[in-house]
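The following exercises are to be worked with the sequence and the model in view. Each task is followed by a solution in steps.

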Amino acid sequence: MPLSRLCCLSLVGLEAVPVDVEVDVVKSDGLSLIIVGLPDTAVRESKDRVLTAIKNSGFQLGTVHAIVNLAPSDLKKEGSIYDLPIALGLLRSAGLVSSSDTIQDYIIVGELALSGELRPICGALAIALLARAQGKKGILLPASNAKEAAAVPGIDIHPLQNLKEAVRFLKGTPCHPPIQSTLSDDLFKSAEASVDFRDVKGQLHSKRALEVAAAGSHNVVLSGPPGSGKTMLAKALIGIMPELTLEEAIEATKIHSVAGLLPPNQGLLTLRPFRSPHHTISYAGLIGGGSYPKPGEVSLAHQGILFLDELPEFSRSVLEVLRQPLEDRKVTISRANGNFTFPTSFVCIAAMNPCPCGYLGHPTKACKDSALQVDRYRGKISGPLWDRFDMHIDVPPLKHEDFSVEASAEPSSVIRERVKRARAIQNNRFGKVKSNAMMSSGEIKKYCSLDAKGKETLRMAVEVTGVSARAYDRILRVARTIADLDASDNIHKHHLMEALNLRNDRK
């Protein structure tokens with residue numbers, strides 16, 4: 001009986017690593033199957049799923065002893081994606097299915113139900129990217145993951161409903177033609193946000209701050225009493241951010257796919273992610289974790305928005321781990337088996353009350369908290385974390401006239417066009433898709449030079465507020481974005497004054 005070798009993979013973090021599924025079968029007194037190659041519990045249990053699926057699909061292995069080796073053997077194998085290649089390897093080695101060596105040109109993945117049907121898997125996009133990088137001809141995978149994998153051009157995607165269809169493919173008579181990538185330029189432009197800026201009453205100062213945030217990918221803290229519209233403003237921000245590019249959509253979709261959060265039969269994400277974790281979230285839930293780390297909320301928000309409502313209510317230890325993803329736009333998790341790095345390029349919008357009861361400074365409602373309670377509440381946010389927010393905005397309570405005025409505010413579509421023009425200026429400046437918030441110290445020195453009046457204005461502001469070096473750079477980045485919104489090559493005094501006005505360092 002011949003030795004069978006099929007191509008599969010293992011997901012390590014966000015990356016796919018090639019794995020060979022080797023199957024050898026010998027005659028025996030009974031039917032047995034052993035899986036070696038550092039399998040986890042889900043892989044070890046696959047022998048029962050695979051043998052039952054083969055039987056229920058109408059194939060009889062007889063009395064054989066089979067050994068399955070998942071190579072390389074020093075890489076731990078996780079999940080149920082090995083069911084399909086193991087089943088096909090058993091059928092080939094047992095002589096029930098014949099196929100040419102061209103099967104090596106395909107990566108095969110899939111979880112089998114006991115009936116032989118194929119169930120959805122995680123990470124189909126990462127699998128397709130690996131297949132293309134290795135020069136494979138195509139992928140055999142569950143039909144419900146085909147649309148997602150087809151986002152990667154240059155390879156054939158063969159959707160399979162069950163084990164019988166996989167066997168027919170091996171025999172050279174596939175049931176379905178391969179799916180090719182059919183992405184259109186209008187895919188992302190058709191997506192619309194659920195909250196429009198024209199529906200947000202009043203709050204012109206806060207709207208302007210969010211326009212600047214969208215134009216330069218700046219992080220913002222919104223502070224105001226309950227009911228002032230902080231959450232609605234955060235949700236409306238998606239509608240004024242530029243549409244996803246194909247590269248950004250692939251990056252964001254890949255993370256959601258590996259995390260198992262992409263619905264079946266869905267292709268690429270068409271709208272930027274909006275993640276709003278509850279303040280009771282754990283360290284691992286926010287940053288990512290596990291023995292083989294999976295992405296957390298900060299990575300699921302990649303290329304989108306991370307909204308942290310009730311910021312001081314988060315655990316202090318959880319908030320402090322935000323420093324690296326906010327500063328470096330990536331997070332690295334170290335484990336005994338290696339380091340795992342996940343991207344975290346997002347706009348962070350944090351919302352908080354000015355005090356525990358929420359009514360400090362309210363024109364009509366009295367604050368019930370003592371000075372000590374207010375200081376303790378604000379003190380939950382450390383200075384280094386506070387510095388990592390580019391803008392600190394006070395959101396005042398709405399007045400009666402704000403509700404009674406007919407809707408005359410700018411719609412999100414108009415603001416988005418201004419944001420896109422500012423982003424285009426930044427892309428031309430840096431020669432790639434990059435925002436002002438990502439400028440290095442050298443780039444700040446090159447692109448954020450001030451005239452004599454601007455330098456004097458900033459010097460006086462620094463002396464009065466005593467801002468840190470990090471806050472100083474962030475003020476310049478925001479001023480550069482405001483100048484880009486004005487299509488100005490230089491940062492003028494009024495650009496700098498607005499940037500300073502958008503950073504209220506009273507905490």
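A residue is called buried under 20% relative accessible area, exposed over 50%, and partly exposed in between (1.4 Å probe, protein chains only). The model is predicted, so local features need pLDDT of at least 70 and side-chain atom pairs count only at pLDDT 80 or more, whereas totals for chains, interfaces and linings use all residues. Residues are numbered from 1 along each chain as its sequence is written, and side-chain values use heavy atoms, with hydrogens and water left out.

**Exercise 1. Is Ser 345 buried or exposed, and which residues is Ser 345 in contact with, leaving aside its neighbours within four places in sequence?**

Step 1. Locate the residue. Ser 345 belongs to the loop between β16 and β17 (347–352). Helices (H or I, at least four residues) and strands (E, at least two) are DSSP runs, numbered from the N terminus.

Step 2. Apply the cut-off. The relative accessible area of Ser 345 is 14%, so Ser 345 is buried.

Step 3. List the contacts, that is, heavy atoms within 4.5 Å. Apart from neighbours within four places in sequence, Ser 345 touches Ala 301, His 302, Gln 303, Gly 304, Arg 329 and Met 438.

**Exercise 2. Describe the pairing of β15 with β16 and the sheet that contains β17.**

Step 1. Recall the criterion: two strands pair if DSSP finds at least two bridges between them.

Step 2. Strands β15 (residues 330–335) and β16 (residues 338–343) run antiparallel and are joined by 6 bridges.

Step 3. Read the order of the open sheet. Its 5 strands are arranged β11-β14-β17-β10-β18, with parallel pairing. The edges are β11 (274–275) and β18 (391–394); each has a single partner strand, so one side of each is left without a neighbour in the sheet.

Step 4. Strand β14 (residues 305–308) runs parallel to β17 and is joined to it by 4 bridges. Here Ile 305 stands opposite Val 347 in β17.

**Exercise 3. How many salt bridges does a search of the whole structure find, and which parts does the pair of Glu 327 and Arg 474 tie together?**

Step 1. Side chains of opposite charge can pair when their charged atoms come close. A salt bridge is a side-chain nitrogen of Lys or Arg within 4 Å of a carboxyl oxygen of Asp or Glu.

Step 2. State the total. The search of the whole structure finds 25 salt bridges.

Step 3. Treat the requested pair. The closest N and O atoms of Glu 327 and Arg 474 are 3.1 Å apart. Glu 327 lies in helix α13 (residues 323–328) and Arg 474 in helix α20 (residues 469–485), so this bridge ties together parts that are 147 residues apart in sequence. Glu 327 is partly exposed at 34%, whereas Arg 474 is buried at 4%.

Step 4. Arg 208 and Glu 211 form a salt bridge with their closest N and O atoms 3.6 Å apart. Both residues lie in helix α7 (residues 204–216), 3 residues apart, about one turn of the helix. Arg 208 is partly exposed at 23%, while Glu 211 is buried at 5%.

Step 5. Arg 208 and Glu 211 are linked with Glu 410, Arg 418 and Glu 498 in a network of salt bridges.

**Exercise 4. How many of the residues of α3 are buried, and which residues touch the most other members of the largest nonpolar core?**

Step 1. Count within the helix. In α3, 11 of the 11 residues are buried, so the helix is largely enclosed by the rest of the structure. Among them are Asp 83, Leu 88, Leu 90 and Arg 92.

Step 2. Asp 83 forms a salt bridge with Arg 49, with the closest N and O atoms 2.8 Å apart. The pair links α3 (residues 83–93) to helix α2 (residues 46–56), 34 residues apart. Both Asp 83 and Arg 49 are buried.

Step 3. Turn to the core. A nonpolar core is a set of buried Ala, Val, Leu, Ile, Met, Phe, Trp, Tyr and Cys residues joined through side-chain atoms within 4.5 Å. The largest has 101 residues, of which Leu 9, Ile 54, Tyr 82, Leu 88, Leu 90, Val 109 and Leu 322 touch the most other members. Helix α4 (residues 124–133) gives the most to this core, with 7 residues.
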